[in-house]
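This report describes the sheet of the model shown below, then one of its strands, and finally a residue in a preceding segment.

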Amino acid sequence: MNTIDNVRILEIPKVHDERGFLAVIEKDTIPFSIQRVYYLYDVPSDSYRGGHAHKEQQSVIIALSGSFEVTLDDGKTKKRIMLNKPNQGLYLPTGIWREIDDFSSGSVCLVLASTEYDESEYIRDYEGFINQL
Ligand code: TYD
């Protein structure tokens, strides 16, 4: 069973010159093979996203632009992490409840996922999440 201790920040290698930064995600940057990429944009600042855990999916969440807060919960411990660096990814293993809020204006939340979309591997009911631990 995964806990908050299995969550970590991944540093995404970047190249800088006078024209700006270029960040690169390669096979070895991420601890799983990427099957899907999705992103949230035009998110109202009072929006609340997430509110689920996954049975199968591992994810890396990146604040490509702007900032937002990710609240993590393994059923015992909660942790709130602000993401605001486009060259950092928040790695979430399976079984971690996540909620995302406090989106800054113009923020973009990129998610790299280890699985294709499959609603049956979501746990969207918090009580169900706690009970399956
Ligand atoms: P939802 O899981 O509520 O988004 P978030 O975790 O950001 O709060 O997903 C919103 C809708 O989009 C929901 O109807 C499921 C659908 N969806 C897909 O069709 N494909 C996907 O890859 C994802 C992540 C969601």
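## Basis and terms

Two strands are said to pair if DSSP finds at least two bridges between them. Strands (E, at least two residues) and helices (H or I, at least four residues) are DSSP runs, numbered from the N terminus.

The model is predicted: local features need pLDDT of at least 70, side-chain atom pairs count only at pLDDT 80 or more, and totals for chains, interfaces and linings use all residues. Residues are numbered from 1 along each chain as its sequence is written, and side-chain values use heavy atoms, with hydrogens and water left out.

An open sheet is formed by five strands in the order 1-9-6-11-4, with antiparallel pairing. Strand 1 (8-11) and strand 4 (36-40) are the edge strands, each pairing on one side only. From one strand to the next, the twist averages 25°; axes here are lines fitted to C-alpha atoms, for helices over the stretch in contact, and angles run from 0 to 180 degrees between N-to-C directions.

## Strand 9 and its partners

Strand 9 (residues 88-92) pairs with strand 6 (residues 59-65) in the antiparallel sense over four bridges. Val60 has Tyr91 of strand 9 as its bridge partner, and Ile62 stands opposite Gly89 in strand 9. Strand 1 also runs antiparallel to strand 9, and four bridges join the two. In that pairing, Gly89 of strand 9 is the bridge partner of Leu10.

Five of the five residues of strand 9 are buried (under 20% relative accessible area, with exposed over 50% and partly exposed in between; 1.4 Å probe, protein chains only). Strand 9 is therefore largely enclosed by the rest of the structure. Gln88, Leu90 and Leu92 point one way from the strand, while Gly89 and Tyr91 point the other way. In a regular strand the side chains alternate between the two faces of the sheet.

## Asn2 before strand 1

Asn2 is located in the segment before strand 1 and is partly exposed, with a relative accessible area of 24%. Asn2 and Leu92 are 90 residues apart in sequence, and their C-alpha atoms are 9.3 Å apart in space.

Leaving aside neighbours within four places in sequence, Asn2 is in contact (heavy atoms within 4.5 Å) with Asp74, Pro93, Thr94 and Ile96. A polar atom of the Asn2 side chain lies 3.1 Å from the backbone oxygen of Thr94.

Definitions and conventions. Polar contact = N/O pair within 3.5 Å; in protein donor to acceptor, adjacent residues only side chain to side chain.
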